[in-house]
Amino acid sequence: MSFINYMAREINCKIVYYGPGLCGKTTNLQYIYEKTNPNAKGKMISLATETERTLFFDFLPLSLGEIRGFKTRFHLYTVPGQVFYDASRKLILKGVDGVIFVADSQFERLEANQESLDNLRTNLAEQGYDIDRIPYVVQYNKRDLPNAVDVDELRGLLNPGGLPDFEAVARVGTGVFETLKSVSKLVLTELKRGG
Ligand SMILES: Nc1nc2c(ncn2[C@@H]2O[C@H](COP(=O)(O)OP(=O)(O)OP(=O)(O)O)[C@@H](O)[C@H]2O)c(=O)[nH]1
Ligand SMILES: [Mg+2]
């Protein structure tokens with residue numbers, strides 16, 4: 001539900017990073033924050049526990065240039081991945097324009113990925129969104145770890161429809177901007193269609 005401010009000539013879009021606990025959502029945002037020009041970003045807000053688990057959300061406003069004289073502002077959010085924060089995840093999904101599902105590539109996290117994806121589907125549906133219709137991309141993170149499952153296997157489990165997907169090592173930034181660019185492109189295409 002992008003918000004267009006005609007007076008200020010601004011388009012505001014909301015992107016949400018979703019995925020199981022510790023899959024690397026906050027790490028994606030931190031990398032984007034570090035690598036973005038100061039005049040293209042706002043303050044990054046993180047509400048975290050003492051152990052740096054996301055407690056409510058992380059937030060980063062980004063400017064991605066202009067389209068037809070309108071400034072495009074992307075508001076990036078991450079949800080808390082831990083199972084018991086479901087109420088927060090529902091809230092954060094309100095008004096979403098695009099979703100990045102961050103999967104943890106580790107064998108031990110296969111079930112957690114699946115649960116989180118099911119939870120995403122349920123929470124989107126509750127708000128009247130269909131995961132197959134909104135701008136949506138998948139990131140297979142932690143590709144650097146020795147226990148990472150083959151991408152083909154992850155794709156079969158988490159992305160059988162073959163939507164845009166990316167391998168990543170968020171800790172060093174690999175794949176981070178590719179993933180973001182892909183979803184923002186889909187969001188802007190949707191906007192142009194008047195969706
Ligand atoms: N090896 C490796 N570690 C990573 C990678 N990305 C993130 N991590 C580490 O994984 C841990 C969890 O990362 P976070 O970004 O806090 O995970 P999160 O998804 O935000 O977790 P919640 O906020 O609890 O949902 C941290 O120690 C990160 O440094 C990666 O690509 N490879
Ligand atoms: Mg987090």
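Guide: Phe57 sits in strand β4. Helices (H or I, at least four residues) and strands (E, at least two) are DSSP runs, numbered from the N terminus. Two ground rules come before we go on. This is a predicted model, where local features need pLDDT of at least 70, side-chain atom pairs count only at pLDDT 80 or more, and totals for chains, interfaces and linings use all residues. Residues are numbered from 1 along each chain as its sequence is written, chains are lettered from A and ligands numbered from 1 in the order in which they are written, and side-chain values use heavy atoms, with hydrogens and water left out.

Back to Phe57. Its relative accessible area is 18%, so Phe57 is buried. Buried means under 20% relative accessible area, exposed means over 50%, and partly exposed lies in between (1.4 Å probe, protein chains only). What does Phe57 touch, leaving aside residues up to four places away in sequence? Its partners are Ile45, Ser46, Leu47, Tyr77, Thr78 and Ile92. Contact here means heavy atoms within 4.5 Å. Phe57 and Gly81 are 24 residues apart in sequence, and their C-alpha atoms are 9.8 Å apart.

Now follow the strand to Thr54. The protein donors of the magnesium ion (ligand 2) are Thr26 and Thr54, each through its OG1 atom, at 1.9 to 2.1 Å. Donors are N, O and S atoms within 2.8 Å of the metal (3.2 Å for Na, K and Ca); water is not among the atoms, so sites may look incomplete. Thr26 belongs to helix α1 and Thr54 to strand β4 (residues 54-67), so the pair ties together parts that are 28 residues apart in sequence. Thr54 has 10% relative accessibility, so it counts as buried. Thr26 has 18%, so it counts as buried too.

Helix α1 (residues 25-35) packs with helix α5 (residues 176-192) at about 95°, with their axes 10 Å apart. Axes are lines fitted to C-alpha atoms, for helices over the stretch in contact, and angles run from 0 to 180 degrees between N-to-C directions. So α1 and α5 are roughly perpendicular. Angles under 35 degrees count as roughly parallel, over 145 as roughly antiparallel, 65 to 115 as roughly perpendicular and the rest as oblique. On the α1 side, Asn28, Tyr31, Ile32 and Lys35 make the contact, and on the α5 side Val176, Phe177 and Leu180 do.

Look at α5 by itself. At 1.5 Å a residue, its 17 residues should span 24 Å; the end C-alpha atoms are 25 Å apart, which agrees. The expected span is 1.5 Å times one less than the number of residues. Its buried residues include Val176, Leu180, Val183, Val187 and Leu191. Just after α5, Gly194 takes a positive phi of about 80°.

Most residues other than glycine have a negative phi. Leu22 is not a glycine, yet its phi is positive, about 65°. Leu22 lies in the loop between β2 (10-18) and α1. Its relative accessible area is 55%, so Leu22 is exposed. Beyond residues up to four places away in sequence, Leu22 touches Arg53, Asp104 and Lys142. It also brings us back to Thr54: their C-alpha atoms are 9.2 Å apart, although 32 residues separate them along the chain. Arg68 also has a positive phi, about 45°, without being a glycine. Arg68 is in the loop between β4 and β5 (70-78). At 70% relative accessibility, Arg68 counts as exposed.

One last stop: Asp104 is also touched by Asn113, whose other partners beyond four places in sequence are Pro20, Phe101, Ala103 and Leu158. Asn113 lies in helix α3. Its relative accessibility is 0%, so Asn113 counts as buried. The buried residues of α3 pack against β2, α2 (86-92), β6 (98-104), β7 (136-141) and α4 (151-158). Just after α3, Gly128 takes a positive phi of about 85°.
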